[in-house]
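Subject: Handover of a structure and notes on its contents

Dear colleague,

Please find below the structure that I am handing over to you. My notes on what was found in it follow directly after.

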Amino acid sequence: MQKILVARPIFPDVIERLKQYFNVDWNDGDVLEADEFTRRLADCDGALTAGDPVGAAVLAAAPRLRVVSNMAVGYNNFDMNAFNAANVLGTNTPDVLNESTADFGWALMMATARRIAESEHWLRAGHWQKWAYDGFLGTDVYGATLGIVGMGRIGQALARRARGFNMRVIYHNRSRVAPAIEAELNAQYVSKEALLQQADHVVLVLPYTKESHHTIGAAELALMKPTATLTNIARGGIVDDAALVDALRAKRIAAAGLDVYEGEPKLNPALLTVPNVVLTPHIASATESTRRAMANLAADNLIAALGVGPQAGHPPNPINPEVLGKARA
Ligand code: 8YV
């Protein structure tokens, strides 16, 4: 039987599925330190990860390893050059999380615009004595301009939600989406600068790469309207969190909603002291049904990539399909 490492706690019934095919080493505890992760992979044929970094050194120390299946759509934890050099397949879990993640992005944008977390904390602290005409004034969402940075599957799902809110939708992306999609979404392609200048609510949904590092820093925040909000459901590192803290403190923008952070699960401690930011712990895909779908898809990818099960040899979501069938290097 081939051996796999499941590096994170996941649904026990998915582990049972994997046990039908593999000898499973399951880490059902704390996140593995890098050396422990590498040690436990040494005699494995496959692995199931969720954000664990995998690069050349890890792959070199695991000569049997042929596939690493990430339980996430984003795979910036994989060094794909190293995967390609070693003929190791990487897989991810796209699509099954689109709607849940877009729902959450919408909720976070709304909570940010309407100061829901800030006012709730104030109420819980016992400050509510009387109605005030100017209590927690926020920014309207209905009828406003939504700026989506990253018009992939989740960005498009957000744009569909914007129709019900009668919003103007502008977007920026590495490349323009097909005219038919622009027409369906009623979304207009603009430069990043124009988007930042015009949007009332900016939502970030782009993948993290070297190029997208600090897509939003001090210069970009300075372009935004003082009444605007910024929501990040993409990845830590896309926003310069220190620059954001400065902008929020100086009220250069109205508010921000963050689900992801530079260096998470640690975060810039200054964020905790700023009232006009809503902070959530990377939960945009966290609904019972979506996390189950992601775990099962990650298992499907692993099972198929290791040549067993109903889809043997045809994993549904290969990131680098060109290595399929090649001998491990
Ligand atoms: C994951 C995510 O839960 O899919 C992604 O890219 O950010 C989340 O849905 C998280 O990355 C853990 O792997």
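This is a predicted model, in which local features need pLDDT of at least 70 and side-chain atom pairs count only at pLDDT 80 or more, while totals for chains, interfaces and linings use all residues. Residues are numbered from 1 along each chain as its sequence is written, and side-chain values use heavy atoms, with hydrogens and water left out.

Domains

The domain assignment divides the protein chain into domain 1 (3-95 + 288-323) and domain 2 (98-279); such bounds come from an automatic or database domain assignment. Taken over C-alpha atoms, the centres of domain 1 and domain 2 are 32 Å apart. Seven residues from domain 1 and five residues from domain 2 take part in the contact, where contact means heavy atoms within 4.5 Å.

The size of an interface is often given as the accessible area lost when the parts come together. Here, domain 1 and domain 2 bury about 530 Å² between them, with 37% of it on carbon and sulfur atoms. Buried area is the accessible area (1.4 Å probe) that two parts lose on being put together, summed over both. On the side of domain 1, Asn76, Asp95 and Thr290 lose the most area to domain 2, and together they make up 74% of what that side buries.

One salt bridge is counted between domain 1 and domain 2; a salt bridge is a side-chain nitrogen of Lys or Arg within 4 Å of a carboxyl oxygen of Asp or Glu. Asp95 forms a salt bridge with Arg153, and their closest N and O atoms are 3.8 Å apart. Arg153 is also in contact with Asn98, as are Ile154 and Ala157, when neighbours of Asn98 within four places in sequence are left aside. Asn98 lies in helix H5 (residues 98-113); helices (H or I, at least four residues) and strands (E, at least two) are DSSP runs, numbered from the N terminus. With a relative accessibility of 11%, Asn98 counts as buried, a class that means under 20% relative accessible area, with exposed over 50% and partly exposed in between (1.4 Å probe, protein chains only).

Salt bridges

The count comes to 19 salt bridges. One of them joins Lys3 and Asp43, with the closest N and O atoms 3.2 Å apart. Lys3 lies in strand S1 (residues 2-6) and Asp43 in the loop between helix H2 (34-41) and strand S3 (46-49), so this pair ties together parts that are 40 residues apart in sequence.

The side chains of Arg292 and Asp13 also meet in a salt bridge (3.0 Å, N to O). Because Arg292 belongs to helix H12 (residues 288-305) and Asp13 to helix H1 (residues 12-19), the pair ties together parts that are 279 residues apart in sequence. Arg17 and Asp300 form a salt bridge as well (2.6 Å, N to O). This pair links Arg17 in helix H1 with Asp300 in helix H12, 283 residues apart. Arg17 is partly exposed at 26% relative accessible area, and Asp300 is partly exposed at 22%.

With kind regards
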